[in-house]
Amino acid sequence: QVQLVESGGGLVQAGGSLRLSCAASGRAFSSHAMGWFRQAQGKEREFVAAISRNGGRALYSDSVKGRFTISRDNAKNTVYLQMNSLKPEDTAVYSCGADRTFNDIDVVTTSTQYDYWGQGTQVTVSS
C-alpha cells in the first residue's frame with residue numbers, strides 16, 4: 001500500500017512558476033513509476049508527466065513539454081513537478097499516481113494503469 005499526499009498548489013499569475021510535491025509513504029517508493037495528471041473543471045483527467053522508478057526516463061504531454069519538469073528523490077520518497085511559464089489553461093487539480101513496475105525503463109502515461117492516487121492539489125493560473 002502506498003499513500004500519496006500532494007502539496008504546492010495555489011494561485012499564480014500567468015508566466016509564473018509553481019513546484020508541486022507528492023510525498024509517498026508506505027512500501028517501496030523506489031519500486032514505483034510515478035506520474036502527474038490534471039483535471040480541469042468539466043474535463044476529463046489528462047496526462048501531464050511521468051517518470052520511471054529510478055528517475056532515468058521521463059515523458060511529458062505536448063502541452064507542457066519545455067515548461068514542466070518532473071523529478072524524484074527516492075531518498076525522500078517524493079516526486080516533484082516544476083511548472084514554469086504557467087498559462088491560464090494549466091488551471092486544474094493536479095494529482096500524482098504511483099504504479100508498481102519491475103524495471104527502470106517503464107514510464108506510465110495511462111491513468112488506468114496507476115495503482116495509487118493522491119487527493120490532488122489545486123493550481124489556478126490567472127491571466
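The legends below describe close-up views of one predicted model.

Residue numbers start at 1 along each chain as its sequence is written, and side-chain values use heavy atoms, with hydrogens and water left out. Because the model is predicted, local features need pLDDT of at least 70 and side-chain atom pairs count only at pLDDT 80 or more, while totals for chains, interfaces and linings use all residues.

**View 1. The disulfide of Cys 22 and Cys 96.**
The structure holds one disulfide, a term for a pair of cysteine sulfur atoms within 2.5 Å. Cys 22 is joined to Cys 96, with 1.9 Å from S to S. The link is right-handed, with 55° about the S-S bond. This pair connects distant parts of the chain: Cys 22 sits in strand E3 (residues 18-26) and Cys 96 in strand E9 (residues 92-100), 74 residues apart. Strands (E, at least two residues) and helices (H or I, at least four) are DSSP runs, numbered from the N terminus. Cys 22 counts as buried because its relative accessibility is 0%. Cys 96 is also buried, at 0%. Buried means under 20% relative accessible area, exposed over 50%, and partly exposed in between (1.4 Å probe, protein chains only).

**View 2. The nonpolar cores.**
A nonpolar core is a set of buried Ala, Val, Leu, Ile, Met, Phe, Trp, Tyr and Cys residues joined through side-chain atoms within 4.5 Å. The largest one has 26 residues. Trp 36, Leu 81, Met 83 and Tyr 94 have the most contacts inside it. Elements that give two or more residues to this core are strand E1 (2-7), E3, E4, strand E5 (46-51), strand E7 (68-73), strand E8 (78-83), E9 and strand E11 (121-126).

**View 3. The surroundings of Tyr 94.**
Contact means heavy atoms within 4.5 Å. Leaving out residues up to four places away in sequence, Tyr 94 touches Glu 6, Leu 20, Trp 36, Phe 37, Arg 38, Val 48, Phe 68, Leu 81, Met 83, Gly 120, Thr 121 and Val 123. Trp 36, Leu 81 and Met 83 in this list are also named with Tyr 94 for the most contacts inside the largest core.

**View 4. The four-stranded sheet.**
An open sheet of four strands runs in the order E1-E3-E8-E7, with antiparallel pairing. E1 and E7 stand at the edges with a single partner strand each, so one side of each lacks a neighbour in the sheet. From one strand to the next, the twist averages 15°. That angle rests on axes that are lines fitted to C-alpha atoms, for helices over the stretch in contact; angles run from 0 to 180 degrees between N-to-C directions. Two strands pair if DSSP finds at least two bridges between them. E7 and E8 run antiparallel and are joined by six bridges. Asp 73 stands opposite Thr 78 in E8.

His 32 lies in strand E4 (residues 32-39). His 32 counts as buried because its relative accessibility is 5%. Not counting residues up to four places away in sequence, His 32 touches Val 2, Arg 27, Arg 53, Arg 72, Ala 98, Asp 99, Arg 100, Thr 101 and Tyr 116. His 32 and Gly 97 are 65 residues apart in sequence and 9.3 Å apart in space, C-alpha to C-alpha.

**View 5. The salt bridge of Asp 90 and Arg 38.**
The structure holds five salt bridges. Each is a side-chain nitrogen of Lys or Arg within 4 Å of a carboxyl oxygen of Asp or Glu. Asp 90 and Arg 38 meet at 2.9 Å, N to O. The pair links distant parts of the chain, 52 residues apart: Asp 90 is in the loop between E8 and E9, Arg 38 in strand E4. Asp 90 is buried, at 0% relative accessibility. Arg 38 is buried too, at 6%. A network of salt bridges links Arg 38, Glu 46, Arg 67 and Asp 90.

Arg 53 forms a salt bridge with Asp 104, with the closest N and O atoms 2.7 Å apart. Arg 53 lies in the loop between E5 and strand E6 (58-60), and Asp 104 in the loop between E9 and strand E10 (116-117), so the pair ties together parts 51 residues apart in sequence. Arg 53 is buried, with a relative accessible area of 19%. Asp 104 is partly exposed, at 38%. In another salt bridge, the side chains of Lys 65 and Asp 62 meet at 3.3 Å, N to O. Lys 65 is exposed at 51% relative accessibility, and Asp 62 is exposed at 69%.
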